[in-house]
Amino acid sequence: MSHNISEIRVRILRGETTHERVVASALEKAAHSSAQHVFTALYADAALAAARAADQLLAAGAEIPALAGLPVSVKDLYDIAGEPTQAGGIVYRNEKPALVDALAVSRLRKEGAAIVGKTNMTEFAFSGVGINPHYGTPVNPADAKVARIPGGSSSGAAVSVALGLAIAGLGSDTGGSIRIPAALCGLVGFKSTQSRVPRQGALELSRTLDTVCAMTRSVADCITVDAALSGAPLDVKRRPLEGMRLAVPRSVMFDGADSVVTQTFERALSWLSQAGAHITTIAFEELAEIPRLNSPGGFSAIEAYAVHKAKFAHQQQSFDSRVAQRIALGSTVSAADYIEMQDARTRWIARAEAVLAPFDALISPTVPIVAPEIAGLVKSDDAFFKANGLLLRNTFAINFLDGCAFSIPCHLQGDLPVGLMLASTNGNDADLASVALAVEAALDAKREVV
């Protein structure tokens, strides 16, 4: 299933397939070796039932919701009624099962989505790499010869979409956990403004930064899924790319970038400029302040420690050791320091928003490197944390901004995936979506003639 939502709908309406066949095919593929470690649970019977219900509605001539009968995966940090929420770890596996679905899951079901399974993830969503020592690591399908990381923390979500096991992967984005795996696996990821979707029923990493969102195969599909999750569809107006003002930040975002990413991104910029976009290089020196403002510990470490404090005190040996190292950073931060971090962030956001105000979007590489090999990062803590820092750096800036962002593939078919990030400020989701649609269309048009 390599088609987006509209393409699948056309095939179903033509009688070329049915919702049930689409879901059955996804479940069959989930049993293949390529899908190893993608799911922590499969819901075959329920998914097929949802697909049959959509087929029955269609046969009766009823109008069906946008996601009805289509396979969707759910990251393991969302509550599913009747089972404990483990969030990629093992310390919560004996906890009481959730009584109700997370609100995001409930809204997907309301739209008729066929929830095919829960997807694997970095333990407690605390890494951009996607490695999981408890349940294994899904392999990025973009490289048939080398086992590369999928990116995290929404690792299984990304691979489920990339392999055609789902039309959308519900994930979360605290520092880039939707956009990083989308970029590394060649997908589209949309990190909405945090307040668009309630986080009820999602295990927290950072209440300051966590965002409920998804990845798909197209910008339009991300907009469709966002409408279901938020309950408030974006009023997206189609605009031509010509005349759009895109700002390229030369501070921080390109530091340590590998040649593949740099060359691919610069080619994309050239294509967009040829299509009429006005591209301006800006310093955006405020980006360099983030590491200082997000210390000591960082919001994720401080708030994750608050969430896991009891388990951490008695079962730390059962945590992923690398996750434990990061959570421990939050254990010594005082309330006064935490409050000052919040206040400093608020002041920084105001300054950053003023820099971005003249532009339709900020544009940069989503991540500065292509997906590293799994083996090297499993063996070496130094290599792991270096890669993790690079993977998170660009995307985290938008979480710190409390903004919104898309990651869109900008590589050529057959090349390792490279993501192009478009970002804007709080609440500008609809305007940013119109930019993303125009940029995606321009990139697709150029790729067709290369």
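**View 1. N388 in helix α14 of the predicted model.** Residue N388 sits in helix α14, which covers residues 381–400. With a relative accessible area of 4%, N388 is buried. Leaving out residues up to four places away in sequence, N388 touches S127, G128, V129 and R326.

**View 2. Confidence along the chain.** The mean pLDDT of the protein is 97, and 100% of the residues score at least 70. Among the elements, strand β10 (residues 404–409) has the highest mean pLDDT, 99. Helix α1 (residues 5–13) has the lowest, 95.

**View 3. Packing of helix α7 against helix α15.** Helix α7 spans residues 219–230 and helix α15 spans residues 429–449. On the α7 side, the contact is made by V219, A220 and I223. These residues meet A433, A436, L437 and E440 of α15. By class, the residues of this contact comprise 6 nonpolar, no polar and 1 charged.

View 4. Helix α5 (residues 155–162) is mostly covered, with 8 of its 8 residues buried. The buried residues are S155, G156, A157, A158, V159, S160, V161 and A162. Several strands contribute to the cover over these residues, including β1 (39–42), β2, β3 (114–119), β4 (168–172) and β6 (212–216). Helix α6 (179–185) is also included in this cover. After α5 comes G164, which has a positive phi near 80°.

**View 5. Residue L67 in the loop between α3 and β2.** The loop that holds L67 lies between α3 (44–59) and β2 (71–75). L67 has a relative accessibility of 1% and counts as buried. When neighbours within four places in sequence are left aside, the contacts of L67 include I5, R9, L108, E111 and G112. L67 is also in contact with A113, I167, T224, V225 and A228. F299 is 232 residues from L67 along the chain, and the C-alpha atoms of the two are separated by 34 Å.

**View 6. Residue G231 in the loop between α7 and β7.** G231 is placed in the loop that runs between α7 and β7 (245–249). Its relative accessibility is 57%, and G231 counts as exposed. Not counting residues up to four places away in sequence, G231 touches R107 and D226.

View 7. C222 is buried, at a relative accessible area of 3%. For C410, the closest cysteine sulfur is in C185, at 15 Å, which is also too far for a bond. C410 has 0% relative accessibility and counts as buried.

Notes:
Residues are numbered from 1 along each chain as its sequence is written. This is a predicted model: local features need pLDDT of at least 70, side-chain atom pairs count only at pLDDT 80 or more; totals for chains, interfaces and linings use all residues. Side-chain values use heavy atoms; hydrogens and water are left out. Axes are lines fitted to C-alpha atoms, for helices over the stretch in contact, and angles run from 0 to 180 degrees between N-to-C directions. Helices (H or I, at least four residues) and strands (E, at least two) are DSSP runs, numbered from the N terminus. Contact means heavy atoms within 4.5 Å. Ala, Val, Leu, Ile, Met, Phe, Trp, Tyr, Cys and Pro count as nonpolar, Asp, Glu, Lys and Arg as charged, and the others, Gly among them, as polar. Buried means under 20% relative accessible area, exposed over 50%, partly exposed in between (1.4 Å probe, protein chains only). A disulfide is a pair of cysteine sulfur atoms within 2.5 Å. pLDDT is the predictor's confidence in each residue, from 0 to 100.
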